[in-house]
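Me: I have a structure open and would like to go through it step by step. Could we begin with the strands and then turn to the ligand?

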Amino acid sequence: MLQNKPDWSKIGDREESNYYVDYLDTVTHQDEIRRYKQKTYRLLGLKAGDRVLDAGCGAGDDVIAMAEIVGPGGLACGLDYSAGIVAQAEARAAEHNLSTEFRQGDVQALPFDDDSFDAVRADRVFMHIEDRGKALAEMVRVARPGGRVLVREPDWDSLLIDSDDKAITRSIIHAHFDQVIRHGWAGRALYSQFRSMSLQNIAVGDCSTLMLTDFALVDKLYGLSDAAAKFGAQTPEMKAHADQWLADLKTRNEQGRFFSAITGFTVIGLKPERAE
Ligand SMILES: C[S@@+](CC[C@H](N)C(=O)[O-])C[C@H]1O[C@@H](n2cnc3c(N)ncnc32)[C@H](O)[C@@H]1O
């Protein structure tokens with residue numbers, strides 16, 4: 001679960017990466033996630049013959065999906081910091097006969113020449129990395145003039161959980177995500193970040209909310225039990241509040257009225273053509 005392995009910037013070997021791939025598969029399985037991912041491919045304007053980079057590609061599903069669009073004359077390249085994740089993505093892509101390539105590397109120092117790709121994307125990666133400015137600059141550098149650059153991020157302060165206790169919900173959730181996510185505001189910061197770069201036609205191309213009503217799934221994805229345990233570890237009084245909070249969520253779930261939601265943002269821009 002997220003709470004036990006919070007550091008997505010340092011995923012180790014193949015064995016450790018199994019946990020992360022399972023987590024990513026659970027996320028990707030959600031309809032809203034599939035919808036926004038499809039929309040990112042459309043916003044990138046991908047067509048047959050294009051070369052596209054997915055920076056922080058995870059299990060490689062987006063690379064495979066984009067390889068289907070760009071066809072045998074194009075290339076969908078996936079890059080990830082974790083060698084274990086890259087190995088899993090490579091194995092997954094090998095089951096398809098598509099034009100794909102995978103590299104281990106850091107989005108903050110991309111191992112590609114300038115102007116190498118028609119389109120570059122990163123999906124739920126910026127919240128984990130140290131220097132988002134460097135990462136975006138690198139994505140722009142490797143895009144060709146006229147190429148598109150796109151980033152999708154959630155905003156963890158937009159995570160809402162319906163509960164009986166507003167104050168405790170805020171305390172538990174905010175403290176937890178401040179601790180386990182390096183840049184919890186990566187989503188809301190994207191527009192400003194793109195505006196500070198030499199990019200054109202910048203737009204928030206998509207904004208959508210993942211709504212979930214299954215406590216066990218939300219607990220797996222967001223680590224609510226762990227958040228409550230950490231909060232409760234501080235004092236006996238806080239433990240009583242945390243236990244009550246968790247019990248309320250579980251009762252709501254049993255009664256079919258558990259509700260959570262989180263919003264994500266997709267921002268896109270165009271690398272300017274070079275002046276003659
Ligand atoms: C939450 S996952 C998202 C994966 C994928 N983009 C998706 O949408 O399913 C974050 C990914 O970013 C990778 N990552 C973290 N820091 C990175 C960095 N500095 N450079 C490249 N990849 C990185 C992690 O290894 C992980 O696979």
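Reply: Strand β5 (residues 143-154) is mostly covered, with 10 of its 12 residues buried. Buried means under 20% relative accessible area, exposed over 50% and partly exposed in between, using a 1.4 Å probe and protein chains only. Strands (E, at least two residues) and helices (H or I, at least four) are DSSP runs, numbered from the N terminus.

Me: What kind of model is this, and how are residues numbered?

Reply: This is a predicted model, in which local features need pLDDT of at least 70 and side-chain atom pairs count only at pLDDT 80 or more, while totals for chains, interfaces and linings use all residues. Residues are numbered from 1 along each chain as its sequence is written, and side-chain values use heavy atoms, with hydrogens and water left out.

Me: How many bridges join β4 to β5?

Reply: Strand β4 (residues 117-123) and β5 run parallel and are joined by 6 bridges; two strands pair if DSSP finds at least two bridges between them. V151 in β5 is the bridge partner of A122. From β4 the chain crosses through helix α5 (residues 132-142) to β5, in a right-handed β-α-β crossover. Right-handed means that, with the strands pointing away from the viewer, the path from the first strand over the helix to the second runs clockwise.

Me: And β8, is its pairing with β5 parallel or antiparallel?

Reply: Strand β8 (residues 260-270) pairs with β5 in the antiparallel sense, over 7 bridges. G269 in β8 is the bridge partner of V149. T263 also lies in β8, and T263 counts as buried because its relative accessibility is 18%.

Me: Now the ligand. Which residues are closest?

Reply: The ligand is surrounded by 22 residues, and K37, G56, D80, D106 and D123 are the closest. A residue is near a molecule if one of its heavy atoms lies within 4 Å of it.

Me: Which atom of D106 lies 2.8 Å from a ligand nitrogen?

Reply: It is a polar side-chain atom of D106. For G56, a polar backbone atom is 2.7 Å from a nitrogen atom of the ligand. A polar contact is a pair of N or O atoms within 3.5 Å.

Me: One last topic: where is D115?

Reply: D115 is in the loop between β3 (100-104) and β4. Its phi is near 60°, a positive value in a residue other than glycine. Most residues other than glycine have a negative phi.

Technical notes: Polar contact = N/O pair within 3.5 Å; in protein donor to acceptor, adjacent residues only side chain to side chain.
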